[in-house]
Amino acid sequence: MPAFKPPVPACSEITPKQLYVNRRHFIAGAGAIGLAGLGASGALAALNAKKSGYTVADTITPREDATTYNNYYEFGVNKGDPAQYSGDFKPLPWKIRIDGMVTKPIEVDVEELIATMPLEERVYRFRCVEAWSMVLPWTGFMLSDLLKKVEPLGSAKYVAFRTALRPDEMPGVSYPVLEWPYREGLRLDEAMHPLTLMAVGIYGEKLPNQNGAPIRLVVPWKYGFKSVKSIESITFTDKQPETSWNMAASSEYGFYSNVNPERDHPRWSQASERVLGTGGGFFGGGARRDTEKFNGYGEQVASLYAGMDLIADY
Ligand SMILES: Nc1nc2c(c(=O)[nH]1)N[C@H]1C(S)=C(S)[C@@H](COP(=O)(O)O)O[C@H]1N2
Ligand SMILES: [Mo]
């Protein structure tokens with residue numbers, strides 16, 4: 001049985017009324033409201049990372065905005081919900097499974113990855129499909145460095161990602177707004193691209209729960225929903241993976257979802273964006289800037305899509 005499909009797709013700044021989750025339903029399960037913004041482990045330990053050449057000159061978004069204005073539907077559909085209702089989520093200990101079309105499937109401990117992988121701090125532009133953006137200092141390592149460990153088969157073409165699904169710790173998953181567990185995917189060449197980061201930290205510290213603790217993807221040339229949080233498994237496959245947002249509304253959220261000001265969302269323009277944390281009259285407000293193709297990373301990634309029609313393959 002396919003899960004309930006939202007009558008109106010949900011990834012909009014103006015969340016359709018039908019999908020508003022009644023906040024009162026959440027209160028009972030939200031035992032740690034006082035920890036909002038801290039992460040359940042309380043351990044926002046500093047991370048040792050080299051500054052990277054991958055950086056943009058723009059002003060970094062204030063930490064306050066990036067940790068209180070979130071999309072993480074497993075904790076609720078409103079921007080403040082993830083910070084408020086993720087206090088019961090336990091990001092440690094944590095293992096990621098890497099399997100599928102590989103020679104050596106593995107299960108790796110995230111703390112071990114943090115201790116052994118070459119961590120870099122990179123400042124990336126981050127563009128949500130909802131036409132807002134941030135400039136964020138991530139700490140992480142290249143996904144390619146992790147994927148190489150399993151020796152992918154030559155026949156593998158894609159990788160599929162899944163977020164953990166923990167109804168006891170994630171009050172939002174009792175609402176069928178998306179297919180759970182949250183799933184995403186990349187073509188193998190996208191996954192192996194040096195810009196594609198596995199982030200374990202932000203602002204020099206471990207990820208807070210609302211930002212995807214303990215480990216999440218960051219693909220800076222694609223809309224934010226491709227950057228799947230709290231990853232539990234990565235599976236090599238020869239078929240294009242199903243993705244939660246595409247399953248919810250295929251005409252609005254494509255598999256590629258490269259940032260593209262020339263292809264509007266069916267319900268709003270993608271030509272410009274609000275830069276959060278740059279002032280403006282309301283919470284999360286911000287100055288407008290023109291959206292750049294591939295979010296400004298075209299020089300590095302346009303060649304991946306040579307010969308493709310990125311309006312048809314949105
Ligand atoms: N598991 C999971 N990952 C997710 C989401 C989600 O709801 N669940 N939201 C996505 C969307 S739409 C965006 S814009 C980014 C937001 O990341 P941030 O809250 O750290 O800014 O996370 C993405 N990853
Ligand atoms: Mo998003």
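How do the residues of the shell around ligand 1 divide into nonpolar, polar and charged? They divide into eight nonpolar, six polar and three charged, where Ala, Val, Leu, Ile, Met, Phe, Trp, Tyr, Cys and Pro count as nonpolar, Asp, Glu, Lys and Arg as charged, and the others, Gly among them, as polar. The model is predicted: local features need pLDDT of at least 70 and side-chain atom pairs count only at pLDDT 80 or more, whereas totals for chains, interfaces and linings use all residues. Residues are numbered from 1 along each chain as its sequence is written, chains are lettered from A and ligands numbered from 1 in the order in which they are written, and side-chain values use heavy atoms, with hydrogens and water left out.

Ligand 1 is surrounded by 17 residues, the closest being Asn70, Tyr73, Glu74, Thr163 and Lys229; a residue is near a molecule if one of its heavy atoms lies within 4 Å of it. Several polar contacts were computed (pairs of N or O atoms within 3.5 Å; within protein, one must be able to donate a hydrogen and the other to accept it, and residues adjacent in sequence count only if both atoms are side-chain atoms). An N or O atom in the side chain of Asn211 is 3.1 Å from an oxygen atom of ligand 1, and a polar side-chain atom of Arg216 is 3.0 Å from an oxygen atom of ligand 1. A polar backbone atom of Ser227 lies 2.9 Å from a nitrogen atom of ligand 1. The protein buries 99% of the 530 Å² that ligand 1 exposes when taken alone, with areas from the Shrake-Rupley method and a 1.4 Å probe; for residues, only the protein chains shown count as cover.

The largest cavity holds ligand 1. A cavity is a set of points, on a 1 Å grid over the protein atoms alone, where a 1.4 Å probe fits but cannot get out, and a molecule sits in it if more than half of its atoms lie within 2 Å of its grid points.

Thr163, one of the residues closest to ligand 1, belongs to strand β6 (residues 158-163); helices (H or I, at least four residues) and strands (E, at least two) are DSSP runs, numbered from the N terminus. Thr163 counts as buried because its relative accessible area is 1%; buried means under 20%, exposed over 50%, and partly exposed in between (1.4 Å probe, protein chains only). The side chain of Thr163 lies 2.7 Å from the backbone oxygen of Lys229.

Most residues other than glycine have a negative phi, and most peptide bonds are trans. The bond from Leu92 to Pro93 is cis, with omega near -5°, and Pro93 is in the loop between α3 (81-85) and β2 (95-100). A cis bond, with omega near -5°, also joins Trp180 to Pro181, in the loop between β6 and β7 (183-187) where Pro181 lies. Glu151, in the loop between α5 (143-147) and β6, has a positive phi near 55° and is partly exposed at 37% relative accessible area. Phe294 has a positive phi of about 55°, lies in the loop between β13 (286-290) and α8 (298-301), and is buried at 5%.

Two glycines lie in loops elsewhere. Gly254 is in the loop between α7 (244-248) and β12 (272-276) and is buried, with 5% relative accessibility. Its C-alpha atom is 5.1 Å from that of Tyr314, 60 residues apart along the chain. Gly76, in the loop between α2 (63-68) and α3, is buried at 1%.

Note on methods:
On a 1 Å grid over the protein atoms alone, a cavity is a set of points where a 1.4 Å probe fits but cannot get out, and a pocket is an open set with protein on both sides within 12 Å along at least five of seven lines; lining residues have an atom within 4 Å of a point.
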